[in-house]
Amino acid sequence: MPKLREIDVNYSQVRELVGQLEFKKKMTLIREIIREKEYKNSFYKYTESLLKKYEIPTMKEDELDTFLHQKN
């Protein structure tokens, strides 16, 4: 299944494949997709709240890496 990321799959192909699933499996797939999206949104909200709480300024990747690895 991981090889699917390397293949160009369009919406109608995905829709056709999902349409072949039993109802219960369709619902499971939908729940998994929603859970993944909710996790991603929650993670971003959490990290944004940490930025505000600890007043972490906007930094480039190398600056942030140095900042996060400082021993206080």
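Ile7, Val9 and Val14 make a nonpolar surface patch of about 230 Å². A patch here is built from residues with over 30% relative accessible area and no salt bridge, with nonpolar side chains (Val, Leu, Ile, Met, Phe, Trp, Tyr) joined within 5 Å and like charges within 9 Å. Accessible areas come from the Shrake-Rupley method with a 1.4 Å probe, and for residues only the protein chains shown count as cover. Take Ile7 as your way in: you'll find Ile7 in the segment before helix H1 (11-19). Ile7 counts as exposed because its relative accessibility is 52%, and the cut-offs are simple: buried means under 20% relative accessible area, exposed means over 50%, and partly exposed is in between (1.4 Å probe, protein chains only).

Before going on, keep in mind that this is a predicted model, where local features need pLDDT of at least 70 and side-chain atom pairs count only at pLDDT 80 or more, while totals for chains, interfaces and linings use all residues. Residues are numbered from 1 along each chain as its sequence is written, and side-chain values use heavy atoms, with hydrogens and water left out.

Now step back to the whole chain. The protein chain has three helices and zero strands, so called when they are DSSP runs: helices are H or I with at least four residues, strands are E with at least two, and both are numbered from the N terminus. Read along the sequence, that gives the pattern α-α-α. How much of the chain is buried? Buried residues make up 1% of the 72 residues. The accessible surface of the chain comes to about 7800 Å², and 56% of that belongs to carbon and sulfur atoms.

Next, follow helix H2 (residues 23-53). The expected span of a helix is 1.5 Å times one less than its number of residues. For the 31 residues of H2 that should be 45 Å, and the end C-alpha atoms are 44 Å apart, which agrees.

The term means a side-chain nitrogen of Lys or Arg within 4 Å of a carboxyl oxygen of Asp or Glu. The partners are Glu32 and Arg35, whose side chains meet at 2.7 Å, N to O. Both lie in H2, three residues apart, about one turn of the helix.

A pair of aromatic rings is described by the distance of the centres and the angle of the planes. Rings of Phe, Tyr and Trp (its six-membered ring) pair if their centres lie within 6.5 Å; planes under 30 degrees apart count as stacked, over 60 as edge-to-face and the rest as tilted. The whole structure holds two aromatic pairs. Tyr39 and Phe43 form a stacked pair, 6.5 Å centre to centre with 25° between the planes. Both sit in helix H2, four residues apart, about one turn of the helix. Tyr39 counts as exposed at 59% relative accessibility, whereas Phe43 is partly exposed at 42%. Phe43 also pairs with Tyr44, this time edge-to-face, at 5.9 Å centre to centre and 65° between the planes. Tyr44 is partly exposed, at 43% relative accessibility. Put together, Tyr39, Phe43 and Tyr44 form one aromatic cluster.

Leu50 is still in helix H2 and is partly exposed at 27% relative accessibility. Not counting residues up to four places away in sequence, Leu50 touches Glu55 and Ile56, where contact means heavy atoms within 4.5 Å. Glu55 belongs to the loop between H2 and helix H3 (61-68). Although Glu55 is not a glycine, this residue has a positive phi of about 50°. With a relative accessible area of 68%, Glu55 is exposed.
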